[in-house]
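I opened the model to take notes on its chains, helix packing, salt bridges and backbone. The entries follow in the order in which I looked things up.

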Amino acid sequence: MRLTRGTWRRPGVRPVLAVALVAGIVLAGPVLDAAGQSYWVISLTRALLLGVLAVSTNLAWGVTGIFTLGQGVFFGLGAYATGLLATRADVLSLVVLAAAALGAGLVGGLVIGSFLFFGRRRVGMLYVGLVTLALSYAFERLANTWDAIGAGNGITAIPLPTLLGADVDPGMDFFWVAAVALVAVLGLGLVVLRSQFALVMRAIRDDDERAEFLGYRRPIVQLVVFTLTGGLGALAGGLYALEEGFVSPSFLGVALSTQVLIFVLLGGRDSLVGPLIGVLVLEVGGQRVQEELPTEWPIIVGAVLLLVILFLPRGLSELGRRRGGRAVAPRPEIALEVTGGDPRGD
Amino acid sequence: MASTFTRRTALQRFAAGGAGIALGGSLLSACGSSDDGAGTGGGDGPIRIGAITDLTGAFGVVGKANQAIAEFTVGEINAAGGVLGRQLELIVVDGASDPATWGKVAQQLVSRDKVDMAIGDVTSAEREAVKSIIAGRGKTLYIAPASYEGGECYENTWTVGAVPNQQVDPTVDYLLEQGARTFYLCGNDYSYPRNVLKAARARIEQGGGEVVGEDYIPIAATDAPELVRKTISSKADAVFEVVVLPASVPYIKGVVDGGYTGLIAGTLFDETINPLFGRQAQGLIGAQDYFASIDDPFSREQVAAFHQAYPDAPFGSALNSPAWYRGLYLWKAAVETAGSLELDAVNEAMNTASAEKLIGGPSHFVPDTKHVELTMYLGEMQADGSVKVLKDLGPQEPLGQCA
């Protein structure tokens, strides 16, 4: 089978829409604040931080195909890192706390990833899914029963962090912190996705055996991605804990780990801003419905998710997809036969 | 217990569903209209009371009871002219039995609904999750009604439920009076059972008794076969247990049916919980701030009125119902003493707030402890789920709190 040049396109939303989306969110903060809608500012702040988590999860799952049910573990790791440092060691510098969360996640990702990907036998994604799921469960249980880190009560009354000598106050201060974190993570994601490395990531997702056959060290690539996404997930969790003022064991559990997959699935796998769309739709858009129908909410989410999977397999971001090419990426057998074209498209 | 409410709940949900779709349609407009100027201190609009509890999830039954008593109490206060001449407006939010969700909805009460006071907790983890959001960063008075392990002294936070010594000491004294000398202690492995059993051990040893064993099962356990075995083989004269639902049901049934002959005491028995144990509830001992059978005309009258207004909602000490009523009235008394809703003034008045007409009996804050003195009752559970009051214990002071 032969495909003509230009058939392959980079997945995801059109750049102009993506930039407009991010700019819109960032501008929404001050606008809402000026309108006296302080609660919506806080909601949006939370969504931005969950967005960081979702964007990072997508790098592992959507782009590289690492089916992780353990992103909540990293989120929790970061949250406990900042929570413990702020309450037990009186570390209040936001920069230090954020760095500590990031560091905790990187180390955690490196350690867990080493066990996951360097097994003697080749690892299937089912294996990765089950192990990370078990880890989510185990960490939640551990946090729930370990007295030194607050057991079931978690870490409470976390003081406000400081930046450049001033308190980072609830409201707009935290909104800017979250916005900067999100934009930075999106920027990093953009660099990664535009690099040659992203081609290897996707190649491993689509056919890891063939990628290895071509000489790529699958475990190394997976480990690098897993470590990076672990760090970013922990950064999100660390900032979230400071914003909320408390850490609960449910921050690192199965619920959050699966919820973030829903964000990614709904918004669009393998799209940089897609997962962010998922977060915004469910966390900000659906908030009112969730409040009024707490029992029915999971059913509504399930139904929406089903419809999206059936009709928009690449998620909501497909609505703003790039022009040209087909909606579905070619299967790898086909892609390898493309000749003469630049597989990076556009 | 849950099965009693499911049909009614289903109907309410169905009705709420219709309203919810309409609300869903106005999602975007909701975004631009949440601040309407009411609340926050001054003015003559309604005073906003935020009630936070678990309407859904594992503690949904407790939450439904909490919502009902909050509505009942606020309705009663409003009918009598409100507070400082202003009506109360109750805003109820659902924490879904998950501390992270509690954080979210607490934020909503404080920064969106701008409540003047917030009340509610079911577990300590939930209280811990919201206290800094409501009372710390939110600078809003927070009342925690659940009976708990003690030790909550956070700023702007006031607890109105029983602490261990108020329930444990009179219960242990009764067991000792009954001639018990050896005791077996057990519970789930988290702070509440551990602190209750710590208080029990201290009182037992002080009274000349001996603890022959102390064991814990995981917090989320659904069954407790080892505890049943160890309880029976301990051959202790009495067991003091803080096994929580759902494991408490197989535990009690197992111990009773397994032939344990000693006394069984705990902190979690009352009319709303007993039916779960079936006929094995017979003879269980416990102290609470209220039982349906207490000899107090005011309590009887109020609870009858409550059941008439909310025929499907349970009312019981184990669901913290009397504590919600108490908390709202103690706050009312404090605000009226302070003459304003200003936080420092209300805090100062709370320190000595007292109320005579409360369900279960009069109560007041013991100055500088942030905890309340309670009239307690010792009860013996019956096979039909009712409670025989063994003793009116009179006022019991909270010990060792925030001193």
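**Entry 1: chain B overall**

I looked up burial in chain B: 58% of its 403 residues are buried, where buried means under 20% relative accessible area, exposed over 50%, and partly exposed in between (1.4 Å probe, protein chains only). For the record, this is a predicted model, in which local features need pLDDT of at least 70 and side-chain atom pairs count only at pLDDT 80 or more, while totals for chains, interfaces and linings use all residues. Residues are numbered from 1 along each chain as its sequence is written, chains are lettered from A and ligands numbered from 1 in the order in which they are written, and side-chain values use heavy atoms, with hydrogens and water left out.

I find twelve helices and 14 strands in chain B; helices (H or I, at least four residues) and strands (E, at least two) are DSSP runs, numbered from the N terminus. I then took the contacts in chain B between residues at least 6 apart in sequence, and 68% of them join residues at least 24 apart. A contact here means heavy atoms within 4.5 Å. Chain B exposes about 15,000 Å², and carbon and sulfur atoms supply 53% of that area. The areas come from the Shrake-Rupley method with a 1.4 Å probe; for residues, only the protein chains shown count as cover.

**Entry 2: helix packing in chain A**

I checked helix H1 (residues 15-34) of chain A against helix H6 (residues 172-194) of chain A: they pack at about 175°, with axes 11 Å apart. Axes are lines fitted to C-alpha atoms, for helices over the stretch in contact, and angles run from 0 to 180 degrees between N-to-C directions. The angle makes H1(A) roughly antiparallel to H6(A). The classes are roughly parallel under 35 degrees, roughly antiparallel over 145, roughly perpendicular from 65 to 115, and oblique for the rest. On the H1(A) side the contact residues include Val22(A), Ile25(A) and Val26(A), and on the H6(A) side they include Phe175(A), Trp176(A) and Leu186(A). By class, I note ten nonpolar, one polar and one charged residues for this contact. Ala, Val, Leu, Ile, Met, Phe, Trp, Tyr, Cys and Pro count as nonpolar, Asp, Glu, Lys and Arg as charged, and the others, Gly among them, as polar.

Next I took helix H2 (residues 38-63) of chain A and helix H7 (residues 196-213) of chain A, whose axes come within 8 Å and cross at roughly 50°. H2(A) is therefore oblique to H7(A). Leu59(A), Gly62(A) and Val63(A) of H2(A) meet Met201(A), Arg202(A) and Arg205(A) of H7(A). This contact has three nonpolar, one polar and two charged residues.

**Entry 3: salt bridges**

Arg46(A) is in helix H2 and Glu244(A) in helix H8 (residues 218-244) of chain A, so distant parts of the chain are linked, 198 residues apart. Arg46(A) is buried at 3% relative accessible area, and Glu244(A) is buried at 1%.In chain B, Glu89(B) forms a salt bridge with Arg48(B), the closest N and O atoms being 3.6 Å apart. Glu89(B) sits in strand E2 (residues 88-94) and Arg48(B) in strand E1 (residues 47-53) of chain B, 41 residues apart. Glu89(B) is partly exposed at 28% relative accessibility, whereas Arg48(B) is buried at 7%.

The side chains of Arg201(B) and Glu214(B) also meet in a salt bridge, at 2.9 Å from N to O. The pair ties together helix H7 (residues 191-206) and strand E7 (residues 210-217) of chain B, the two residues being 13 apart in sequence. Both are partly exposed, Arg201(B) at 30% and Glu214(B) at 28%.

I also noted a network of salt bridges that links Asp121(B), Arg127(B), Glu128(B), Lys131(B), Glu149(B) and Glu152(B).

**Entry 4: backbone of chain B**

Which residues does a cis peptide bond join? I find Leu245(B) and Pro246(B), with omega about 0°. Pro246(B) is in the loop between strand E8 (238-242) and helix H9 (248-257) of chain B.

Lys114(B), a residue other than glycine, has a positive phi near 45°. Lys114(B) is in the loop between helix H4 (99-112) and strand E3 (117-119) of chain B and is partly exposed at 23% relative accessible area. Asn156(B) is not a glycine either and has a positive phi of about 55°. Asn156(B) lies in the loop between strand E4 (141-144) and strand E5 (157-159) of chain B and is buried at 9% relative accessibility.

Technical notes. Salt bridge = Lys/Arg side-chain N within 4 Å of Asp/Glu carboxyl O.
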